[in-house]
Amino acid sequence: MNYTTLAVPNDVLYIAATNKGLCYVGNEEQELFDYAAKRKEVLVQDNEAMSVYRTQFARYFSGNLETFHLTLDVTGTALQQQVWQTLMTIPFGEVWTYSDVAEKIGKPTAVRAVANAIGRNPVLVVIPCHRVIGKNRKLTGFRSGLAMKKTLLHLEGFTTYKE
């Protein structure tokens, strides 16, 4: 598993990929190492091999990319996969609630299960879990912290949430 780092506003992203595609994005180095160990992968820092990923993330963070064009290599339960696929349909600059996502997947009473699946998203930003907020318009948990979530939402022009 190759990885690289990328400086982003007020943070650093760790981006990892297998030969099948992007498999991890986050801002915690130890979390990346734990993720690789869980997948029984050896991590190799290789900026050149990761250049296509670095380029798209750099374009996104500079405001020049709204949709990523990357192959993903993510594993999860059937529900997690369904939730993650649904998250990828949330348009740039828009937000949905956890209830909205539950309804979109045809499980309107499964809001907690949906929230759990969102929290296990291994590929932040590309699978845009940052675009999900609470029903009361409050920002809620985010694996890379609420400061990063705010940064991503502001980058996409969305600022009408409650803190």
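A: Strand S1 (residues 2-8) and strand S2 (residues 11-18) run antiparallel and are joined by seven bridges; two strands count as paired if DSSP finds at least two bridges between them. Helices (H or I, at least four residues) and strands (E, at least two) are DSSP runs, numbered from the N terminus. The model is predicted: local features need pLDDT of at least 70 and side-chain atom pairs count only at pLDDT 80 or more, while totals for chains, interfaces and linings use all residues. Residues are numbered from 1 along each chain as its sequence is written, and side-chain values use heavy atoms, with hydrogens and water left out.

In general, strands of a sheet pair through backbone hydrogen bonds, either parallel or antiparallel.

Taken together, four strands make an open sheet of mixed pairing, in the order S3-S2-S1-S4. S3 and strand S4 (44-45) are the edge strands, each pairing on one side only. Helix H1 packs on the sheet and touches S1, S2 and S3, contact meaning heavy atoms within 4.5 Å. The direction of H1 makes about 145° with that of S3; axes are lines fitted to C-alpha atoms, for helices over the stretch in contact, and angles run from 0 to 180 degrees between N-to-C directions.

The loop between strand S3 (21-26) and helix H1 (29-38) holds Asn27. Asn27 counts as buried because its relative accessibility is 11%, where buried means under 20% relative accessible area, exposed over 50%, and partly exposed in between (1.4 Å probe, protein chains only). The side chain of Asn27 makes a polar contact of 2.7 Å with that of Asp11 and another of 2.9 Å with that of Ser144. A polar contact is a pair of N or O atoms within 3.5 Å; within protein, one must be able to donate a hydrogen and the other to accept it, and residues adjacent in sequence count only if both atoms are side-chain atoms. Not counting residues up to four places away in sequence, Asn27 touches Asp11, Val12, Tyr14, Ser144 and Met148.
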